[in-house]
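Reader: I have a model open and would like to go through it piece by piece. Can we start with the terms and then look at the parts?

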Amino acid sequence: MTQYYTIFGQKVASQYLAMATLTTLFAGSYMAVSGPSKPVAASPPINASSSDEADFIKKFMDSIEGDDKKAPAAAAKH
C-alpha cells in the first residue's frame, strides 16, 4: 500500500517523494564536490631588455618543462 500526501492540492505518492529527495541529495552533492573548473596557469611576463634575451628565456623554459615531463616516465622504467 502506498501512502499519499497532499502537496499543493495534488495527491503525491510517497515513493515519488523519496525518489525526488534522493535525486536532489545526490545531484546537490555532485555539484558541491565538483566545484569550479581550474584555470590554466599562465606564465609570468618575461621582462627582457632585448628580443634575443626573451627568445633565450623562452627556449630555456621550454627545455626545462620538457625535462619535467620526461622525468617521471624515465623514473618508472628503473
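Author: Terms, then. Buried means under 20% relative accessible area, exposed over 50%, and partly exposed in between, with a 1.4 Å probe and protein chains only. This is a predicted model, where local features need pLDDT of at least 70, side-chain atom pairs count only at pLDDT 80 or more, and totals for chains, interfaces and linings use all residues. Residues are numbered from 1 along each chain as its sequence is written, and side-chain values use heavy atoms, with hydrogens and water left out.

Reader: Is S14 buried, partly exposed or exposed?

Author: S14 counts as partly exposed, because its relative accessibility is 26%. S14 is found in helix α1.

Reader: What pattern does the chain follow?

Author: Along the sequence the pattern is β-β-α-α, from 2 helices and 2 strands. Helices (H or I, at least four residues) and strands (E, at least two) are DSSP runs, numbered from the N terminus.

Reader: How do β1 and β2 run, and how many bridges join them?

Author: Strand β1 (residues 4-7) and strand β2 (residues 10-13) run antiparallel, joined by 4 bridges. Two strands pair if DSSP finds at least two bridges between them. Y5 has V12 in β2 as its bridge partner. The two strands form a hairpin with 2 residues between them, and F8 in the turn has a positive phi of about 55°.

Reader: Next, α1. What span should its 21 residues have?

Author: Helix α1 (residues 14-34) should span 30 Å at 1.5 Å a residue, and its end C-alpha atoms are 30 Å apart, which agrees. The expected span is 1.5 Å times one less than the number of residues. Just after α1, G35 takes a positive phi of about 65°.

Reader: Where does UniProt place the "transmembrane region"?

Author: The unreviewed UniProt entry puts that feature at residues 12-33. UniProt positions are given in the numbering used here, feature names are shortened, and annotations may be inferred rather than shown by experiment. Over residues 12-33 the chain is 91% helix and 9% strand, with the end C-alpha atoms 31 Å apart.
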